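Please look at the sequence and the structure shown here. The report that follows goes through a few of the structure's features.

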Amino acid sequence: MAGWGDVQRIALGLPETRELLSRGRRQWRVRDKLFVWERPLRAKEIERLGAGAPRGSILAARVEHLVAKEALLADDPRVFFTTTHFDGYPAVLVRLGRIGVADLRELVTEAWLARAPKRLVHDYLERSV
């Protein structure tokens, strides 16, 4: 299963990505656009989720659009979830300890692709073929 070191390695392996700290939590940005970040649950979220509230490390990841979000949520609810805070927002929450490194790589890369400038995406995809 994946950990924060994997997130860091994958994210920083993508072009023009940098890691920042905000309120003591790590976040990764491409040209100042946030694409993945540490996102522990807030007290009200834990209260709402009750006994089913995830424990452990939680990663938030941007997705291309709400349809992509719904597809991930339906694909594996053991790994992907959301809270009311993210209603209408194209991002998913990930139980980091339940996602494999290959799936994490795909998720982080897709988040980067959703946020990076078009020219940078084009250049990256050209080099990746």
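## Aromatic pairs

Searching the whole structure gives three aromatic pairs. Rings of Phe, Tyr and Trp (its six-membered ring) are paired if their centres lie within 6.5 Å. A pair of rings is described by the distance of the centres and the angle of the planes. In the pair of tryptophan 4 and tryptophan 28, the ring centres are 6.4 Å apart and the planes are at 15°, so the pair is stacked. Planes under 30 degrees apart count as stacked, over 60 as edge-to-face and the rest as tilted.

Tryptophan 4 belongs to helix H1 and tryptophan 28 to strand S2 (residues 25-30), so the pair ties together parts that are 24 residues apart in sequence. Helices (H or I, at least four residues) and strands (E, at least two) are DSSP runs, numbered from the N terminus. Both tryptophan 4 and tryptophan 28 are buried. Buried means under 20% relative accessible area, exposed over 50%, and partly exposed in between (1.4 Å probe, protein chains only).

## About the model

This is a predicted model, in which local features need pLDDT of at least 70 and side-chain atom pairs count only at pLDDT 80 or more, while totals for chains, interfaces and linings use all residues. Residues are numbered from 1 along each chain as its sequence is written, and side-chain values use heavy atoms, with hydrogens and water left out.

## Helices H1 and H4

Helix H1 (residues 4-12) packs with helix H4 (residues 101-115) at an angle of about 45°, and their axes are 10 Å apart. That makes H1 oblique to H4. Axes are lines fitted to C-alpha atoms, for helices over the stretch in contact, and angles run from 0 to 180 degrees between N-to-C directions. Angles under 35 degrees count as roughly parallel, over 145 as roughly antiparallel, 65 to 115 as roughly perpendicular and the rest as oblique.

On the H1 side, Asp6, Val7, Arg9, Ile10 and Ala11 meet Val101, Leu104, Arg105 and Val108 of H4. The residues of this contact divide into six nonpolar, no polar and three charged. Ala, Val, Leu, Ile, Met, Phe, Trp, Tyr, Cys and Pro count as nonpolar, Asp, Glu, Lys and Arg as charged, and the others, Gly among them, as polar.

Arginine 105 is in helix H4. At 38% relative accessibility, arginine 105 counts as partly exposed. Not counting residues up to four places away in sequence, arginine 105 touches Arg9 and Ile10; contact means heavy atoms within 4.5 Å.

## Helices H4 and H5

The axes of H4 and helix H5 (residues 118-128) come within 8 Å and cross at roughly 140°. H4 and H5 are therefore oblique to each other. Thr109, Trp112 and Leu113 in H4 meet Leu120, Val121, Tyr124 and Leu125 in H5. This contact has six nonpolar residues, one polar and no charged.

## Two residues with positive phi

Most residues other than glycine have a negative phi. Which values of phi do glutamate 16 and arginine 31 have? Phi of glutamate 16 is near 55°, and phi of arginine 31 is about 45°.

Glutamate 16 is in the loop between H1 and strand S1 (17-22). With 44% relative accessibility, glutamate 16 counts as partly exposed. Arginine 31 is in the loop between S2 and strand S3 (33-38). With 46% relative accessibility, arginine 31 counts as partly exposed.

## Alanine 91

Alanine 91 is part of strand S6 (residues 91-95). Is alanine 91 buried or exposed? At 1% relative accessibility, alanine 91 counts as buried.

Leaving aside neighbours within four places in sequence, alanine 91 is in contact with Trp37, Ala61, Arg62, Val63, Lys69, Thr82 and Phe86. Alanine 91 and valine 63 are 28 residues apart along the chain, and their C-alpha atoms are separated by 5.3 Å.
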